[in-house]
Amino acid sequence: MPRPHNQSSAAQSRCDTTRHHEDRFRYEPPRRTSMREARVRARFGLPVFASDGPPAGPLEWADDAAKLIDDALSPGGIALITGPSGGGKSLLLRALIGRTSASVARPIAPRTRRSPVSMLRGDLDAALATLAAVGLGEARRLITPAGLLSEGERARLSLARAIFAAGPGSDIICDEFASTLDRLTARSLCRCVRRALPTRARLVCATAHDDIAPHLDPQIVAVVSLTSPPEIVFKRRGSHGAAGAAGGRSGVA
């Protein structure tokens, strides 16, 4: 009669095989993964780990995760960083800014007197096209002082400025993305961003609200934690919808 531990091993093997047929699963490696192997996994949509072992702390965690995101995020792609307040979202954004040519979306103050069209300096036609792409193409909105726009419109203008300033191959960085907006406006902003994002630029945004993921449709989702390295989800080719359901994240250990 086979020993009980052999039966358990066979059952575990069948379970592992089943998980490997799923679109997303939590990968538990039998050994540590080197950074070089992790980058190959990222490039081909396989579960990855942020380092060759447990990093020393949040700074190292952010740096390792930034390397993976920078290597895997395609031109025209979107990465979403989410998690609790104080978990390291802004830290991870700063690590990414340090690695790339970045155009940062900065909040528009409520007292701003300049109009949207005057805040996008450069070619007028290109400025108008960018503003229209984010939903600010109506003539009166173009010349209204930005401080008089609604909160949602100011969020669109902030992104329009960053998109307009971004050069080819730049990363557009947005912290606290849609964080203060009602959820309907936040979903509308996601659709505008996807429409307006240049094909050769990449967008990385951070927010505590992971409910926007299906509407933003990110290629990568990084979930930060207060006590462990970021968990990174890579959307598989040919799959639909955004990653990020609990228990379905491909790991960063």
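Figure 1. When residues up to four places away in sequence are not counted, Ser179 touches Thr207 and His209.

Figure 2. Glu176 is not a glycine, yet its phi is positive, at about 55°. Ala178 likewise has a positive phi, near 55°, in a residue other than glycine.

**Figure 3. Packing of helices α8 and α9.** Two packed helices are described by the angle between their axes and the distance between the axes. For helix α8 (residues 151-165) and α9, the angle is about 20° and the axes are 10 Å apart. That angle makes α8 roughly parallel to α9, because angles under 35 degrees fall in this class. The crossing of the two helices, α8 and α9, is right-handed. On the α8 side, Gly152, Ala155, Arg156, Leu159 and Ile163 take part, and they meet Thr185, Ser188, Leu189, Cys192, Val193 and Ala196 of α9. The residues of this contact of α8 with α9 comprise seven nonpolar, three polar and one charged.

**Figure 4. Packing of helices α6 and α8.** Helix α6 (residues 124-133) packs with α8 at an angle of about 135°, and the axes of the pair are 9 Å apart. The arrangement of α6 relative to α8 is thus oblique. Here too the handedness can be assigned: α6 passes α8 in a right-handed crossing. The residues that meet are Ala126, Ala127, Thr130 and Leu131 in α6 and Leu157, Ala160, Ile163 and Phe164 in α8. In the contact of α6 with α8, seven residues are nonpolar, one is polar and none is charged. Ile163 of α8 takes part in this contact and is also listed in the contact of α8 with α9.

**Figure 5. Asp70 and its arginine partners.** Asp70 is located in helix α3 (residues 58-72). The side chain of Asp70 makes a polar contact of 2.6 Å with the side chain of Arg202. A polar contact of 3.5 Å joins the side chain of Asp70 to that of Arg99. Apart from neighbours within four places in sequence, Asp70 is in contact with Leu96, Arg99, Thr100 and Arg202.

Figure 6. Ala79 is part of strand β1, which covers residues 78-82. Its relative accessibility is 1%, so Ala79 counts as buried. Residues up to four places away in sequence being left out, Ala79 touches Ile69, Leu73, Leu203, Val204, Cys205 and Ile220. Between Ala79 and Gln219 there are 140 residues of sequence separation, while their C-alpha atoms are 5.9 Å apart in space.

**Figure 7. Thr227 in the loop between β5 and β6.** Thr227 is placed in the loop that lies between β5 (220-223) and β6 (231-234). At 66% relative accessibility, Thr227 counts as exposed, since the limit for this class is over 50%. Thr227 and Gly88 are 139 residues apart in sequence, and the C-alpha to C-alpha distance between Thr227 and Gly88 is 10.0 Å.

**Figure 8. Overview of the protein from which the close-up views are taken.** The predicted model contains ten helices and six strands. The protein has 253 residues, of which 46% count as buried. Among contacts in the protein with a separation of 6 or more, 70% are between residues 24 or more positions apart.

Conventions
Residues numbered from 1 in each chain as written. Predicted model: local features only at pLDDT ≥ 70, side-chain atom pairs only at ≥ 80, totals over all residues. Heavy atoms only, no water. Contact = heavy atoms within 4.5 Å. Helix = DSSP H or I, 4+ residues; strand = E, 2+ residues; numbered from the N terminus. Buried < 20%, exposed > 50% of the residue type's maximum accessible area, 1.4 Å probe, protein only. Axes fitted to C-alpha atoms, helices over the stretch in contact; angles between N-to-C directions. Parallel < 35°, antiparallel > 145°, perpendicular 65-115°, else oblique. Left-handed = near helix turned anticlockwise from the far one by under 90°. Nonpolar A, V, L, I, M, F, W, Y, C, P; charged D, E, K, R; others polar. Polar contact = N/O pair within 3.5 Å; in protein donor to acceptor, adjacent residues only side chain to side chain.
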